[in-house]
Amino acid sequence: MSPATKTALCFTPDRTFFAPAVRAIASLVEQGDADAFDIFIFCEEIDVEPGFADREPALKRRIQLKTLDFAALDAGLAPKGRFSRAVFRRLFLDRLLPERSER
């Protein structure tokens, strides 16, 4: 990893876990080494909590929110039991992260 490369912290919540993910991120950015991380949320538009737009601007600036339709990526993967479709999103991070992020 080059000195300019930041570690990517990726969250892939569904609607149920979007707010807890944002709370976890808020806790992370309060830490002294938070600038060492690029923080991403990958989800579908329907998963974004309604009040996200009203969150603190400084927190929102730290979050790279990427909404997309995962249907083309997770076709053929069936959620089962406690595993929602959101669980599968992490399987596609290598395709979703910017080139600057190490794989």
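From the N terminus on, the chain runs β-α-β-α-β-α-α-α. That comes to five helices and three strands. Both kinds of element are DSSP runs numbered from the N terminus, with at least four residues of H or I for a helix and at least two of E for a strand. The model is predicted: local features need pLDDT of at least 70, side-chain atom pairs count only at pLDDT 80 or more, and totals for chains, interfaces and linings use all residues. Residues are numbered from 1 along each chain as its sequence is written, and side-chain values use heavy atoms, with hydrogens and water left out.

The overall dimensions were computed next. Along the principal axes, the C-alpha atoms fill a box of roughly 40 × 35 × 20 Å. The chain exposes about 6,600 Å², and carbon and sulfur atoms supply 54% of this area. Areas come from the Shrake-Rupley method with a 1.4 Å probe; for residues, only the protein chains shown count as cover. Of the 103 residues, 32% count as buried. Buried means under 20% relative accessible area, exposed means over 50%, and partly exposed lies in between (1.4 Å probe, protein chains only). Contacts are heavy atoms within 4.5 Å. Among contacts between residues at least 6 apart in sequence, 69% join residues at least 24 apart.

The three strands form an open sheet in the order β1-β2-β3, with parallel pairing. The edge strands are β1 and β3 (63-67), and each pairs on one side only. The twist averages 25 degrees from one strand to the next. Pairing requires that DSSP find at least two bridges between two strands. Strands of a sheet pair through backbone hydrogen bonds, either parallel or antiparallel. Here, β1 (residues 7-11) and β2 (residues 37-43) pair in the parallel sense over five bridges. The chain crosses from β1 through helix α1 (residues 15-29) to β2, in a right-handed β-α-β crossover. Right-handed means that, with the strands pointing away from the viewer, the path from the first strand over the helix to the second runs clockwise. Phe 11 has Ile 41 of β2 as its bridge partner. Five bridges also join β2 to β3, which run parallel. Phe 42 has Lys 66 of β3 as its bridge partner.

Angles run from 0 to 180 degrees between N-to-C directions, and axes are lines fitted to C-alpha atoms, for helices over the stretch in contact.

Strand β2 is mostly covered, with six of its seven residues buried. Ile 39 is found in this strand. It is buried, with a relative accessible area of 1%. Leaving aside neighbours within four places in sequence, Ile 39 is in contact with Leu 9, Phe 11, Ile 25, Val 29, Arg 62, Ile 63 and Gln 64. Ile 63 is 24 residues from Ile 39 along the chain, yet their C-alpha atoms are separated by 5.3 Å. Thr 7 is found in strand β1. This residue is partly exposed, at 33% relative accessible area. Its C-alpha atom is separated by 26 Å from that of Ser 84, 77 residues apart along the chain.

Phe 92 is in the loop between α4 (85-89) and α5 (93-96). Its relative accessible area is 6%, so Phe 92 is buried. Not counting residues up to four places away in sequence, Phe 92 touches Phe 70, Leu 73, Asp 74 and Leu 77. Phe 92 and Ala 36 are 56 residues apart in sequence and 23 Å apart in space, C-alpha to C-alpha.
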